[in-house]
Amino acid sequence: MADQTKFLLTEDDIPTAWYNIQADLPFELPPVLHPGTKQPVGPDDLAPLFPMALILQEVSRERWVEIPSPVREVYKLWRPTPLYRAHRLEKALQTPAKIFYKYEGVSPAGSHKPNTAVAQAFYNKEAGTKRITTETGAGQWGSALALACQLFGIELKVYMVKVSYEQKPYRRALMETWGAQVVPSPSEDTQAGRAILAKDPNNTGSLGIAISEAVEDAVTNPTPTKYALGSVLNHVLMHQSVIGLEAKRQLEMAGVYPDILVGCIGGGSNFAGFTYPFIGDKLTGRAPNLRVVAVEPAAAPSLTRGIYAYDYGDTSMMTPLLKMYTLGHSFIPAPIHAGGLRYHGMASSVCELYRHGVIEARAVQQRATFEAGVMFARTEGILPAPEAAHAIRATIDEAIRCREEGVSRVIAFNLCGHGHFDLSAYERYLAGKIEDYELPQSEIERAQAELPVVA
Ligand SMILES: *Cc1c(COP(=O)(O)O)cnc(C)c1O
């Protein structure tokens with residue numbers, strides 16, 4: 001069917017196993033180090049924070065990890081997600097390229113994040129966890145986990161960066177509707193929060209502070225409490241592989257194999273989830289010419305301008321050390337509107353694939369990104385999350401290149417979320433108030449001067 005628009009699978013087609021790229025990597029992932037001893041962490045070091053099933057998934061080399069049936073049952077609420085052919089965008093661009101997008105915005109929380117939140121809630125439930133703590137910035141991860149904890153009967157406390165708590169009341173209301181307790185961070189509920197408030201009562205918070213609070217709460221609360229993270233870690237990326245596994249079958253239905261895959265990167269999870277099942281083909285020689293493009297904001301350019309080094313995952317230097325392309329844990333991102341992409345570091349496997357030349361990276365500016373997001377909304381109808389608009393920008397640029405070169409290529413990108421909670425950002429863009437931001441090299445150097453010393 002030449003003009004088919006949606007490629008749909010049935011509930012029976014929901015993948016039965018996650019794909020673990022660690023089985024196919026031609027190199028080792030660098031070990032995660034203990035923040036105190038700077039020695040590789042073992043499962044026991046992580047046990048206070050995560051259930052053992054997730055810790056084992058973190059280091060698993062099994063290619064396929066079975067998806068428990070209670071998780072697949074919840075996935076049925078929105079999975080399989082649709083794959084679209086972007087006929088109208090192609091036409092507007094007058095490109096010979098064939099553009100496809102996988103739409104993860106159909107989940108109840110409006111993004112890909114419930115794919116891992118549901119899995120994490122399930123394994124915690126199995127392990128007897130009664131309560132989970134987490135941090136959230138703009139509220140995307142907090143809302144996904146609130147949904148998942150509600151469905152599995154686990155209490156959730158979300159430390160929400162205070163400035164977002166005050167400026168984004170709708171995400172907070174969504175989390176509370178799903179039964180989570182949400183407090184502005186820094187809060188009076190933890191040592192870490194009280195110490196900061198004592199020095200600076202008007203502190204507006206940061207993700208790093210919120211992580212410190214959530215971790216302290218998890219390890220000190222008398223109720224069996226664990227901590228959950230929405231990106232960066234291997235098990236999170238693996239849970240997201242349902243996106244790419246479905247997309248692969250849907251592109252087969254469309255009779256194509258992609259030439260170019262595109263995804264935006266904050267911590268790397270939606271990008272990995274979408275692309276790794278295809279990168280597995282590339283690594284094993286079945287798709288040698290596949291190009292894979294990771295897109296980041298010019299305001300937080302971890303891959304394109306970061307340094308490859310061990311660094312903390314958070315600003316407060318509490319988490320284990322990860323080897324990654326980092327802007328430095330003390331890097332303070334500009335207040336750009338793609339809140340999910342303002343992270344200083346990047347998932348280890350994404351970094352290694354980049355370092356070994358398997359994937360490419362590009363940084364894009366905020367205005368060009370919103371321009372692409374608006375063009376997409378006006379042609380395809382769906383209002384993309386500002387994060388997803390980064391992938392759209394790069395996709396459009398590749399499609400224009402196809403036009404200029406007179407070549408038809410198949411380009412597929414991950415539309416990782418809708419932008420219904422980001423309308424104030426669109427309002428600002430339409431009013432001409434969004435600005436580009438070029439990160440000064442001196443700022444990167446300042447933050448990188450504070451990298452931990454690892455022998
Ligand atoms: C959280 C989020 C991101 C960034 O996180 P990744 O782990 O890189 O995927 C991107 N897009 C949306 C819609 C998000 O909610």
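Reader: What distance separates the centres of domain 1 and domain 2, taken over C-alpha atoms?

Author: This is a predicted model, where local features need pLDDT of at least 70 and side-chain atom pairs count only at pLDDT 80 or more, while totals for chains, interfaces and linings use all residues. Residues are numbered from 1 along each chain as its sequence is written, and side-chain values use heavy atoms, without hydrogens and water. Domain 1 is 19-65 + 113-234 and domain 2 is 80-110 + 240-448, with bounds from an automatic or database domain assignment. Over C-alpha atoms, their centres lie apart by 23 Å.

Reader: What area is buried between domain 1 and domain 2?

Author: Buried area is the accessible area (1.4 Å probe) that two parts lose on being put together, summed over both. Carbon and sulfur atoms give 68% of it here. The total between domain 1 and domain 2 is about 3200 Å².

Reader: Which three residues supply 19% of the area that domain 1 buries against domain 2?

Author: No other three residues of domain 1 supply more. The trio is Tyr19, Phe27 and Val232.

Reader: How many salt bridges does the rule find across the interface of domain 1 and domain 2?

Author: The rule asks for a side-chain nitrogen of Lys or Arg within 4 Å of a carboxyl oxygen of Asp or Glu. Across this interface, the count is zero.

Reader: Which helix gives the largest share of the side of domain 1 that touches domain 2?

Author: Helices here are DSSP runs (H or I, at least four residues), numbered from the N terminus. Those giving two or more residues to this side include H5 (114-126) and H10 (207-220). The largest share, five residues, comes from H10.
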